[in-house]
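Hi,

Here is the structure we talked about. Please open it alongside this message, and my notes follow below.

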Amino acid sequence: MMPVDGRSIVTADEMRAAEDVAIAGGATVESLMDRAGREIATAVRRLAGASPILILCGPGNNGGDGYVAARLLKEAGLDVRVAALSEPRTEASRAARHRWSAAVEPFAEAAPAPIIVDALFGIGLSRPLETGAATKFAELVETATLSIAIDLPSGISSDDGCILAEVPSFDVTLALGAVKPSHLLQPAANLCGKVRILDIGVPTRSRARVLDRPALTPPGPEAHKFTRGMVAVIGGAMPGAARLASLAAMHAGAGYVLLLGDAQGAPDAIVHKPFYPEALSDVRIGALLVGPGLGRDAEAQAKLDAALATDRPLVIDGDALHLIDPDAIKRRSAPVILTPHGGEFTGMFGRSDANKIDAARQAAVRSGAIVVFKGADTVIAAPDKRATVSRSASVWLSTAGTGDVLAGTIAAVLSTGIEPYDAASAGVWLHGDAARRLGPAFVADDLARALTAARASL
Ligand SMILES: NC(=O)C1=CN([C@@H]2O[C@H](COP(=O)(O)OP(=O)(O)OC[C@H]3O[C@@H](n4cnc5c(N)ncnc54)[C@H](O)[C@@H]3O)[C@@H](O)[C@H]2O)[C@H](O)CC1
Ligand SMILES: [K+]
């Protein structure tokens, strides 16, 4: 059972293509299923101990994996029952069913068990479970002491984070071969519990990955405040937001933070001046941040235009996202990172039918910028189609000012001169780690200060 951080995210089609490559290389569906079943049995044994197990098998190869695992767990001496939703319909799952020598209970009549293993549907789910089956399924999962989904909780579609019918939430999901988008994208991700990957011997390729702990180096002995990174934050109508972003930039490791606006109450370490456009052309500025609390009036627009006119790397957040034309960003030669939440994203790029990963990619291609599409399932995408998805963030991040903190954090990392996509990813990681450290009910100021500990942990 492998943790998911840093691993590739593959769609159902990419998984099937990987399976085809393995089969062209000499594997068979049966051999892949045997391997998957063996890995599942080992994982379930580790998780379940000696408790009685009920495995729910569906008609496809997900069900086939369930029959193989059931046989191996029974051979290992465990108390295992199988209930099937219908007869197996694929050749491999029929063969696996055939090798299960004990009874197969009708699904509708299956008695509960402490351990439930869901092998009803995996990446092949194409429509919601029928109402009766969905109700029975929820009952069995909810009364179990431990519920384990094989590949995906049955009822969620693999690639878009959507829940097709009411699906109970699981304690553990064992992703076969690789994580799929719905293990990370909301609302489906919330039903998966802990996600672990089982190696089934099918190598996968993808340009999408799960966010991993970044490799940021500490300052060297020759470092000074400007080589550590200088961040300039443009203040506006709501000065608290820019102050918060400045505070975050300091705690995320910037060497010098210049706040161009009202700095009342900000720490003395933050240098402050009234806004003047020429200040933005200082060649020592490693990252310019515009947007938090900027306002949306003519003055705000003028400040944004001044920022866009410089050749400094730029983070655009909050109000500035409402003022900017995404197609205009492409004309800039220096890097741009956009940090929209859902509403800002739709406002800028319109509604998209694509999943959140592809929507962020399309926005990155259109704007030529790195797009940080925020949420509990933040996606970072680059114009070259690289994408990184953050594991579910702390629910306590849903409080005022945390977006300003993220923007300041990303600006701090960007100011050190590292590649913008890596800077955005590292910023998202530091922000999430700071939130994890704080636990419940923190305020954005605490979050900014907790970045010191997050940064120190790298
Ligand atoms: N990808 C791999 O390398 C391996 C995957 N394995 C496992 O196989 C499943 C995918 O199997 P597949 O047969 O394609 O799909 P499912 O088992 O998810 O089920 C599809 C099956 O069910 C029918 N169906 C779809 N939705 C419903 C519904 N709501 N109600 C009733 N019937 C439905 C559909 O028509 C099909 O007949 C993957 O997740 C892994 O678990 C291999 O075992 C190992 C290699
Ligand atoms: K399943």
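In what order do the 10 strands of the open sheet lie? The order is 8-17-16-15-14-13-12-9-10-11, and the pairing is mixed. Bear in mind that this is a predicted model.

The sheet

Two strands stand at the edges: strand 8 (208–210) and strand 11 (271–273). Each has a single partner strand, so one side of each has no neighbour in the sheet. On average, neighbouring strands are turned by 20 degrees against each other, direction ignored.

Look next at strand 14 (residues 336–338) and strand 15 (residues 370–373). They pair in the parallel sense, over two bridges. Within this pair, I337 stands opposite I370 of strand 15.

Helix 13 (residues 402–414) lies across several strands of the sheet: strand 9 (230–234), strand 12 (285–290), strand 13 (314–316), strand 14 and strand 15. Helix 13 runs at about 160 degrees to strand 12.

The domains

The protein chain is divided into domain 1 (12–210) and domain 2 (225–456). Their centres, taken over C-alpha atoms, are separated by 40 Å. The two domains do touch: 13 residues of domain 1 are in contact with 13 residues of domain 2. On the domain 1 side, that contact has six nonpolar, three polar and four charged residues.

Helix 2 and its partners

Helix 2 (residues 29–48) packs with helix 3 (residues 61–75) at an angle of about 55 degrees. Their axes are 8 Å apart. That angle makes helix 2 oblique to helix 3. The crossing is right-handed.

Which residues of helix 2 and helix 3 meet? From helix 2 come V29, M33, D34, A36, G37, R38, I40, A41, V44 and R45. From helix 3 come N61, G64, D65, V68, A69, L72 and L73. By class, the contact has 10 nonpolar, three polar and four charged residues.

Helix 4 (residues 91–98) also meets helix 2. The axes of helix 2 and helix 4 come within 9 Å and cross at roughly 55 degrees. Helix 2 and helix 4 are therefore oblique to each other. Their crossing is right-handed. V29, E30 and M33 of helix 2 make the contact with A92, A95 and A96 of helix 4. These residues divide into five nonpolar, no polar and one charged.

Best wishes

Methods:
Residues are numbered from 1 along each chain as its sequence is written. Chains are lettered from A and ligands numbered from 1 in the order in which they are written. This is a predicted model: local features need pLDDT of at least 70, side-chain atom pairs count only at pLDDT 80 or more; totals for chains, interfaces and linings use all residues. Domain bounds come from an automatic or database domain assignment. Two residues are in contact if their C-beta atoms, placed from the backbone, lie within 7 Å. Ala, Val, Leu, Ile, Met, Phe, Trp, Tyr, Cys and Pro count as nonpolar, Asp, Glu, Lys and Arg as charged, and the others, Gly among them, as polar. Two strands pair if DSSP finds at least two bridges between them. Helices (H or I, at least four residues) and strands (E, at least two) are DSSP runs, numbered from the N terminus. Axes are lines fitted to C-alpha atoms, for helices over the stretch in contact, and angles run from 0 to 180 degrees between N-to-C directions. Angles under 35 degrees count as roughly parallel, over 145 as roughly antiparallel, 65 to 115 as roughly perpendicular and the rest as oblique. A crossing is left-handed if the near helix is turned anticlockwise from the far one by less than a right angle, and right-handed if clockwise.
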